[in-house]
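Subject: Structure handover

Hello,

Here is the structure I promised you. Please open it and keep it beside this email while you read.

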Amino acid sequence: MQHVKVPQDRLGVLIGEGGETMREIERRAEVRLDIDSESGSVAIDSVGDPVTGMVAPDIVRAIGRGFRPDAALSLLDDDMRMFDLIDIDDATRNKNDLQRQKGRLIGEDGRTRELMEELTGAEVVIYGTTLGIIGQPEEVQAVRRAAEMLLDGAPHGAVYGFLERKHNELTRGADLQPSNSRGN
């Protein structure tokens with residue numbers, strides 16, 4: 001059994017309307033979720049395939065860090081799909097610095113975060129003091145590197161250039177592989 005802590009304001013999303021999301025996670029990941037709405041602690045108990053059940057803590061963690069349930073459940077769609085978390089707080093000195101760094105990661109009107117998604121194919125969510133990423137390993141790695149560059153003070157233009165190069169690498173690689181529709 002594993003325990004994951006979920007922020008209070010994300011518990012409703014995890015449970016879903018009438019418990020719908022929670023039941024969907026339990027069914028697809030072959031686990032039982034025991035949610036303590038007082039503490040935000042979620043106990044995860046595998047009841048089916050243990051390998052499938054190993055993904056459940058990341059699904060719960062991803063929803064807790066701001067991802068939509070369908071994005072978090074996509075971790076079950078492909079063995080290679082992964083969830084990664086960057087703690088923005090680690091790269092800041094104080095609250096003002098945290099706000100500034102979050103602003104750099106989000107960009108004007110959310111454009112920087114959007115470009116990270118568009119150019120890598122990963123899903124990116126900034127919530128609280130974290131930046132969450134869901135995608136294939138190379139997509140996640142590209143977003144992580146771009147975020148680290150921004151947190152280290154690199155100009156946005158340099159980061160966009162890096163993302164463009166990564167996009168070209170990732171799409172060139174995709175052209176060589178047989179087509180595979182996402183989401184199946």
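A helix here is a DSSP run of H or I with at least four residues, and helices are numbered from the N terminus. One such run is α6, residues 95-106, and Lys102 lies in it. Keep in mind that this is a predicted model.

**Confidence**

The mean pLDDT of the chain is 92. A value of 70 or more is reached by 93% of the residues. Be careful with residues 179-184, where pLDDT stays under 50. For that stretch the model has 4 contacts beyond four places in sequence.

**Lys102**

What is the nearest side chain of opposite charge to Lys102? That is Asp89, 9.5 Å away. Lys102 is buried yet has no salt bridge. A salt bridge needs the nitrogen within 4 Å of a carboxyl oxygen. Leaving out residues up to four places away in sequence, Lys102 touches Ile88, Ile126 and Gly128.

**The sheet**

Three strands make an open sheet in the order β4-β6-β5, and the pairing is antiparallel. β4 (82-87) and β5 (123-127) are the edge strands. Each has a single partner strand, so one side of each has no neighbour in the sheet. Direction ignored, neighbouring strands are turned by 15° against each other on average. Strand β6 covers residues 130-135 and pairs with β5 over 5 bridges. In one of these strands, β6, Ile133 is the bridge partner of Val124. Strands of a sheet pair through backbone hydrogen bonds.

**Salt bridges**

The structure holds 16 salt bridges. Here are some to find.

- Arg28 and Glu24: their side chains meet at 4.0 Å, N to O. They are 4 residues apart in helix α2 (residues 20-29), so about one helical turn separates them. Arg28 is partly exposed at 27% relative accessible area, and Glu24 is partly exposed at 28%.
- Arg61 and Asp58: the N to O distance is 2.9 Å. Both lie in helix α4 (residues 56-64), 3 residues apart, about one turn of the helix. Arg61 is partly exposed at 29% relative accessibility, and Asp58 is partly exposed at 26%.
- Asp97 and Arg100: the closest N and O atoms are 2.8 Å apart. They sit 3 residues apart in helix α6, so about one helical turn separates them. Is Asp97 buried or exposed? Asp97 is buried, with a relative accessible area of 4%. Arg100 is partly exposed, at 44%.

One network links Glu24, Arg27, Arg28 and Asp77 by salt bridges.

Best wishes

How values were computed:
Residues numbered from 1 in each chain as written. Predicted model: local features only at pLDDT ≥ 70, side-chain atom pairs only at ≥ 80, totals over all residues. Heavy atoms only, no water. Pairing = 2+ DSSP bridges. Helix = DSSP H or I, 4+ residues; strand = E, 2+ residues; numbered from the N terminus. Axes fitted to C-alpha atoms, helices over the stretch in contact; angles between N-to-C directions. pLDDT = per-residue confidence, 0-100. Contact = heavy atoms within 4.5 Å. Buried < 20%, exposed > 50% of the residue type's maximum accessible area, 1.4 Å probe, protein only. Lys, Arg positive; Asp, Glu negative; His and termini not counted.
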